[in-house]
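Please read the points below alongside the sequence and the model.

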Amino acid sequence: MSTIGIHLIVKDESEIIHNCLNSVKLADEIIVVDTGSQDDTIHIAKQYGADVISMKWQNDFSMARNEALRYATTDWILVIDADEELLTSMDEIRLLIEESQVEAYDITIINLLSHSEEDMLYHRSLRLFRNRQEYQFEGKIHEEIEPSILLFSGRDKIKDSGIEMKHTGYLSHNIWNKNKLERNYHILMNALKEEPENPYYLYHLGITHCQGGNIPEAKKYMLQAKQHAPSNAYFRPTLIKDLVKIMLDLNEAQQAGLICLHETERYPDYADIHFLHGQCLEMQGLWERAFEAYRKAVECTSSTYVTEAGINSYKPLSKMGEISLKLQQPEEAARLFYEAIQLHLSYSPAAQGLATSFHRLHASDEEISKLLLKTIQPRNKQQWSILLRSLDCIGADEEIIRLCPAQWITEDEISTLYASSLIRSNKLKEAHSFFYHAATVSPASNSTRELLHLITQWQLLGSLEPHIWASIHEHKRETIECIDRLLFQSLEADSQHETADQKEETQLIHTLIQQSVSIGLTDLARRLSVLENMGPLILAKALYKEGYVLESADLFISLLEVQALDDEGAHMLAEILYDKGHYTEAVRLFENITLNDPSLAQASIGAAICYLHLAADYLEQAHASSPGAATLLQEASQLRSALRQLQRSGWHMSWDDRQRRCIDEQKRNRDLPLHDRPE
């Protein structure tokens with residue numbers, strides 16, 4: 001029977017190496033190359049029966065890999081990293097290689113990008129190969145053995161396999177904790193001194209800059225890599241994908257879309273590029289074309305590319321559903337979201353889209369909750385959170401209260417959703433009791449529930465009860481005591497108040513204002529807003545974001561009389577003026593914003609739209625006074641067409657259906673006392 005050896009390079013991996021070695025402990029041989037560990041890595045490796053080879057780190061991964069090959073005694077070698085786990089059993093691998101006629105196998109690496117179930121990246125990598133003297137690794141970083149296998153044995157001797165590994169090295173805390181970015185940067189820069197046009201090194205230097213948050217530099221190196229990469233380079237499709245994502249992050253949708261349009265001809269079966277093309281088109285307001293790009297992503301079946309989870313199934317289907325909603329096609333949207341959630345029951349955008357679609361089809365909250373229960377069939381805390389969040393986005397508070405499962409009602413997000421729904425439903429006493437119950441059963445791991453408890457007591461009782469202090473983090477007590485005192489006694493009597501951290505007090509007041517508005521306690525939010533100079537502006541923004549448009553408009557206008565608005569506040573007021581048809585006033589605000597910061601594209605689009613409205617209005621008025629000038633109406637029509645396109649570009653605040661309910665209710669309350677308006 002063929003034997004299997006496991007090879008890995010390590011340095012200070014004691015926190016994670018257990019999972020790796022435990023997953024491969026049934027191999028015939030484990031060879032660990034240690035490059036200078038100062039922790040318990042070597043001791044742990046030996047506990048698993050590994051042969052540990054110590055060598056000085058030379059900033060060359062291939063050198064370390066090839067050192068392991070010198071000691072290999074098995075027929076086959078499987079390469080793994082300390083931040084990876086083998087998911088396929090060793091028995092399955094032995095069945096695969098027994099009497100095999102091939103030289104090497106590609107395996108699937110499942111890269112976790114976050115702790116979200118759908119945030120994963122899949123790629124194929126040659127990791128399992130025969131132990132032959134001719135086969136050696138190449139490349140100082142992101143080393144590969146495939147080139148030498150191709151050279152000596154040819155492409156036909158390399159096959160796909162069903163072997164899978166899980167990789168956690170892309171999780172942000174792992175990248176930063178291991179100083180991988182700095183290490184990779186120095187290796188790549190030294191490698192580029194020897195080969196300045198090496199596209200593989202240029203590409204990975206771009207990735208390193210991207211992981212470090214330096215997006216413009218990442219784009220620069222990606223473009224250089226694209227220029228020098230041969231058309232048949234195996235990494236080129238992934239390079240294009242990553243370049244387009246970077247350009248989208250830089251709001252370069254049009255340029256990125258042109259790259260996608262060209263590259264989809266080269267890689268017609270690469271779902272990720274079709275999906276990114278859809279995003280480029282959607283950002284430009286080309287919704288119908290974006291819909292088709294997403295549809296093409298769904299049609300792709302190839303598994304040879306580096307690809308994201310769900311990129312050819314539930315993710316593009318959900319995007320198509322979102323576009324259908326924008327096009328006022330809720331029935332089509334409901335069908336697409338339903339199809340998406342059938343493919344992934346825990347995909348939150350599909351669940352929320354399904355709830356929104358049926359809400360716009362005028363289904364009752366109870367009917368929607370029954371549909372979600374039947375579709376998702378929640379069995380765990382995550383699925384219940386997704387279901388309740390979907391109801392939250394349409395404002396179905398009574399259904400959230402009714403459905404919250406007892407076994408998870410005090411758990412983090414679910415408890416916050418439940419308590420918020422109680423407060424919005426004016427069940428403050430029930431919320432007050434719930435907070436005390438939840439604190440004894442499951443202490444909150446984040447501060448949101450704690451803040452909601454404070455807000456509820458202030459609203460219900462007028463001040464904080466003495467025994468609440470036991471549940472408040474010690475470092476926050478002084479700040480909260482000060483806010484409690486200021487809320488319910490004259491500011492003049494305590495005008496000289498100070499806390500240990502004035503900045504923390506300001507931030508907490510702002511957060512309390514936003515939280516109060518989000519649960520409908522706008523009167524309390526107003527009282528909080530007078531405690532801090534920027535409070536009224538924070539309140540106006542929070543009101544607008546939650547759909548209290550008319551209240552926020554009154555506050556923004558009053559603020560203009562005493563202070564200048566910041567860019568965000570000015571943009572919100574400009575949107576309000578635009579929606580009321582006051583284009584001249586709105587355009588002044590948009591232009592002031594662009595003068596302050598020309599990079600704010602949304603303000604530039606807002607100004608352009610206002611000017612187009614004014615121009616179209618002027619042409620139509622001119623035609624009314626000169627009916628014979630038919631071209632005026634044609635030109636006005638062309639302007640209106642351009643307006644419709646620009647209005648799709650996402651420049652304006654977008655509200656979910658909960659916030660839309662608030663907007664509609666405000667309109668009804670404001671309009672009814674004024675006059676009867678004929679329909």
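**Notes on helix packing and burial**

1. The crossing of helices α16 and α18 is right-handed, a crossing being right-handed if the near helix is turned clockwise from the far one by less than a right angle, and left-handed if anticlockwise. The contact involves Ser348, Ala351, Gln352 and Ala355 on α16, and Ile386, Arg389 and Ser390 on α18, where contact means heavy atoms within 4.5 Å. By class, these residues are 3 nonpolar, 3 polar and 1 charged; Ala, Val, Leu, Ile, Met, Phe, Trp, Tyr, Cys and Pro count as nonpolar, Asp, Glu, Lys and Arg as charged, and the others, Gly among them, as polar. Helix α16 covers residues 348–360 and α18 residues 381–392, and they pack at about 40° with their axes 8 Å apart. Axes are lines fitted to C-alpha atoms, for helices over the stretch in contact, and angles run from 0 to 180 degrees between N-to-C directions.

2. The model is predicted: local features need pLDDT of at least 70 and side-chain atom pairs count only at pLDDT 80 or more, while totals for chains, interfaces and linings use all residues. Residues are numbered from 1 along each chain as its sequence is written, and side-chain values use heavy atoms, with hydrogens and water left out. Helices (H or I, at least four residues) and strands (E, at least two) are DSSP runs, numbered from the N terminus.

3. Ser385 also lies in helix α18. With a relative accessibility of 6%, Ser385 counts as buried, meaning under 20% relative accessible area, with exposed over 50% and partly exposed in between (1.4 Å probe, protein chains only). Apart from neighbours within four places in sequence, Ser385 touches Glu413, Ile414 and Leu417.

4. Helices α24 (residues 502–518) and α26 (residues 535–545) have axes that come within 9 Å and cross at roughly 30°. The two are therefore roughly parallel; angles under 35 degrees count as such, over 145 as roughly antiparallel, 65 to 115 as roughly perpendicular and the rest as oblique. Their crossing is right-handed. His510, Ile513, Gln514 and Val517 of α24 meet Gly535, Ile538, Leu539, Ala542 and Leu543 of α26. This contact has 6 nonpolar and 3 polar residues, and no charged ones.

5. Helices α12 (residues 271–283) and α13 (residues 287–299) pack at about 170°, with axes 8 Å apart, and are therefore roughly antiparallel. Among the residues making the contact are Phe275 and Leu281 of α12, and Trp287 and Tyr294 of α13. The contact divides into 8 nonpolar, 4 polar and 3 charged residues.

6. Which elements do the buried residues of α15 pack against? They pack against α13, α14 (314–326), α16 and α17 (365–376). The buried residues themselves are Pro330, Ala333, Ala334, Leu336, Phe337, Ala340 and Ile341.

7. In helix α3 (residues 61–71), 8 of the 11 residues are buried, so this helix is largely enclosed by the rest of the structure. The buried set includes Arg65, Asn66 and Glu67 as well as Phe61 and Leu69. Its cover includes strands β1 (4–10), β2 (29–34), β3 (51–54), β4 (76–79) and β7 (120–130), together with helix α7 (180–194).

8. In helix α27 (residues 549–560), the buried residues are Val549, Leu550, Ser552, Ala553, Leu555, Phe556 and Leu559.
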